[in-house]
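I opened a new model today and kept notes as I went. Here is what I looked up.

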Amino acid sequence: MKKQKHLIKMVCLILLVVSLGGCWDKKEIERNAYVVAIGLDKGKEASLKITYLISNPEYGSIQQGGSTNEPPVEIISFETDDLVSPLYKANAVIAKEISYNLMKNIIVSEKLAMEKEFIRWMYDTTKEKDIRRDTYLIFTKEDASKFILENQPKLETRANKYFEFIIRRGIATANIPDSTLHRYLRITEADADLFLGIYATTEHEDTDQSNKGDEIFAGQLDTTGKTNKTQFLGSTVFKEGMMIGKLTAEDTRISLLLSVAEKSPPMLISFPDPNKKEYRIAAKITQLKSPKVDLKMNNGISKVDVFLPIHMDILTDHAMENYAKDTQKREELKKYIENRFEKKMMKFVTRTQEEFKADPFGWSLIARKKFASLPEYKRFGWMQAYPQMDVNISVNITFGDFGRQSRLPKLEKVRD
Amino acid sequence: MEDSKGKIGIKEFIAIIILTIGTKLTDDTTVILYKQMENAAWMSPFVICAFSILPIFLLIKVMNIYENKNLADVINQLFGRFFGFFTVMILWFLLFSALTIDSAVYTDIISTMYFEKTPVIMIYGLLMLVSAFGAKKGIEHIGSVAWSVIFWIKLSLLAALILTFMQGEILFLFPIFGNGAWEVVKESSLRTSLNAEFLYLGLIFPYLKNKKDYKKGTWIALAIITTELSFSLAAFIMLFDHKGIQLMDFPFHETIRYIEIGFLENIETFFFPFWLIASFIRFAFYLYLTAILFGSLFSIRNFEHLLPIIATLVVFLGIIPENPTFTIFKLRESLLFITTPIFIILPFLLWAAAKLKGEFKNEKAKASD
């Protein structure tokens, strides 16, 4: 009995908790205009041009009983000086209270991101209560206002869902890096590594794609049919809060593979067959654990040794070489791939050392381990030391399976 | 049952201590630690714990001589009327300042992180109203409420910490000694008053059912608080790194805003109510202690009646500072520095006075009778 009484009291107590929400700060869905994404461009008169992508909550919801004739989104652009004051200014046009509550994407044009002043606007986001640190940062080739206007997803017409899906999927397939406000601020504040942002565009660019594989940016993937023009591919490079370059899809993947701060997702890649160069082998690579990075410091030049274990599933065999059956061939293939990976990675590392003069792999975290205290670490100066470092990468591949059906017929026998 | 009325057992005692001191990890106390020790701040609770062991040990020794006297009575007995009055006065003043400053910080947290439009005076008023109501009910009620909710509050904290550890990066804890090992020891020792509430626990000594619980409960609570604080400090660094965390005003609240459970995002509203209840209990207990001290200063027997006045005074003092986040941060830091020597020296003085007066012998004689 006593126990029961106690239980009832507890339940009442927990129910009472709900009332702690209060109603002074209540917000009604009907009376709010929910901004799903904001676009930032360089302004002509004021310092910024802001674009709001406002979602229509009535659109596409089944519970409402039938759809409305209203469009799914409303888009408005105007000039402003910061991210907070437009909340009221926009009400000259928008009838409802503007809310950042569901804002999950900040879209910035390349041009603005390359400005020295860019970081100033970014810190506005830490001031406003409703902007969250897990907001995605997307950088576009064209103006953000144009990007938002041109982006017309065909099936995921609700803007909030579209951005959520395409970015999550892009990260899961390693087409784009995981680029949130939190990472931008953290990496910029640590002042040691490079931050990678999501690169996207609606503008198509004609390039010669033969033999390029994954060495392309957003807008360079040729597509036909009836679909959205927008592409999310590749990444933008930020040093000290300012954009300094771009990476292709392949380089983005390499940075993810070599990164110590996070595990990279499984990737689908392709490379030429070592025996018959005209055919390409498709493969799925999985990172078993984060790369082992070892830093050796001598006075003068430091040395970085990276050991990267990769699990690889071979998915196609156009050369009909039957790698699964032959140990000898498998070993050769392994050597070839390891070599190719090491070479590609080394090339990229050298590029970061020479072009960016900093690393996007988070290796400074390894360096931190080598010091007992922060002042010593600061004296070492990771960012200044990195370009001179002697980097050595070794890849170790273990094969998984060779497709669902691993054996292939002998081509000569099929065609006799 | 009659003689246990208005008294608390060891469970309630520990629950009160944990909620009063443990809740500090959710406010800007953590930033005070990060500011000097950066990513080694997680070590400081252990150093602070080590520095508080001796004062707490001496205090327990002294308190145990007397059966039914609280700290204020003991001070008066040992230091004499004149010095006793001043010591208790200082203690009261420190506690009252801590109450005002802390409640102002909590109001600031609520109004900047959760309820932006609600007027500050309403939040502050409600916070103190609920706490004063709780305090008025007496120590027994504070204790039983603390005990009945502590499990849920700590469960929610544990959930938040586990999620943070999962999403955090262990490498951010390096370089292991932050600004240097010596710096950690030095800066932590200056902030030992983080545990100063243990001194004030002597005030509720007469309300314990079993006097042995005082000793046992204090040590258990100290161990729990130290571990909890250290783990939380480490968790916040693992999420934000040592630079970002120093820029933040309230790391705990930024953390619960950032973490997510799988597909569930924006889960801070799940943690918020638990934190609120913990804060209510914390301030109810503070108010109660302030009232006891004030009562014994001016020999007011029914000190409970002072509570509404004290609570009102706190609200009006607390809303004075302009730009609370920074002003109060400064005030709180100075208060920590001022309290530290008192927290360390006072128990020693008490013990020395008791030794000189031969109080320990008296007790032994009493025991052998």
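This is a predicted model: local features need pLDDT of at least 70, side-chain atom pairs count only at pLDDT 80 or more; totals for chains, interfaces and linings use all residues.

Residues are numbered from 1 along each chain as its sequence is written, and chains are lettered from A and ligands numbered from 1 in the order in which they are written.

**Chain A, overview.** I counted elements first. Chain A has 13 helices and 14 strands. Helices (H or I, at least four residues) and strands (E, at least two) are DSSP runs, numbered from the N terminus. I then took the box along the principal axes: the C-alpha atoms of chain A fill roughly 75 × 75 × 65 Å. Of the 416 residues in chain A, 36% are buried. I call a residue buried if 20 or more other C-beta atoms lie within 10 Å of its own, exposed if 12 or fewer, and partly exposed in between, with C-beta atoms placed from the backbone. Next came contacts, meaning two residues whose C-beta atoms, placed from the backbone, lie within 7 Å. Among the contacts in chain A with a separation of 6 or more, 72% join residues 24 or more positions apart.

**Chain A, helix 9.** I looked up residues 327-356 next. Helix 9 of chain A has 30 residues and spans 42 Å from first C-alpha to last, close to the 44 Å expected at 1.5 Å a residue. The expected span is 1.5 Å times one less than the number of residues. Its buried residues are A:Leu333, A:Ile337, A:Phe341, A:Met345, A:Phe348, A:Val349 and A:Thr352. I recalled the general rule: an α-helix has 3.6 residues a turn, so residues three or four places apart point the same way. What do the buried residues of helix 9 of chain A pack against? They pack against helix 8 (249-258) and strand 14 (390-399) of chain A. A:Lys357 follows helix 9 of chain A and has a positive phi, near 60 degrees.

**Chain A, Asp191.** I stopped at another positive phi. A:Asp191 is not a glycine, yet its phi is about 55 degrees. A:Asp191 sits in the loop between helix 7 (181-190) and strand 7 (195-201) of chain A. It counts as partly exposed, with 16 C-beta neighbours inside 10 Å.

**Chain B, helix 1.** I moved to residues 10-22. Helix 1 of chain B has 13 residues and reaches 17 Å, close to the 18 Å expected. Of those 13 residues, 11 are buried, so helix 1 of chain B is largely enclosed by the rest of the structure. Among them are B:Phe13, B:Ile16 and B:Leu19. The buried residues pack against helix 6 (139-167), helix 8 (197-200), helix 9 and helix 11 of chain B.

**Chain B, helices 4 and 11.** I checked how this pair packs. Helix 4 (residues 71-114) and helix 11 (residues 268-297) of chain B pack at about 155 degrees, with axes 8 Å apart. Axes are lines fitted to C-alpha atoms, for helices over the stretch in contact, and angles run from 0 to 180 degrees between N-to-C directions. Helix 4 and helix 11 of chain B are therefore roughly antiparallel. Angles under 35 degrees count as roughly parallel, over 145 as roughly antiparallel, 65 to 115 as roughly perpendicular and the rest as oblique. B:Trp92 and B:Phe96 are among the residues that helix 4 of chain B brings, and B:Phe283 and B:Leu287 are among those from helix 11 of chain B. The contact residues divide into 18 nonpolar, 4 polar and 1 charged. Ala, Val, Leu, Ile, Met, Phe, Trp, Tyr, Cys and Pro count as nonpolar, Asp, Glu, Lys and Arg as charged, and the others, Gly among them, as polar.

**Chain B, loops.** I noted a cis peptide bond from B:Phe174 to B:Pro175, with omega near -10 degrees. B:Pro175 lies in the loop between helix 6 and helix 7 of chain B. B:Ser299 has a positive phi of about 50 degrees although it is not a glycine. Is B:Ser299 buried or exposed? B:Ser299 is exposed, with 7 other C-beta atoms within 10 Å.

**Between the chains.** I finished at the contact, which takes 23 residues from chain B and 25 residues from chain A. On the side of chain B, helix 9 of chain B gives the most, with 4 residues. By class, that side has 10 nonpolar, 6 polar and 7 charged residues.
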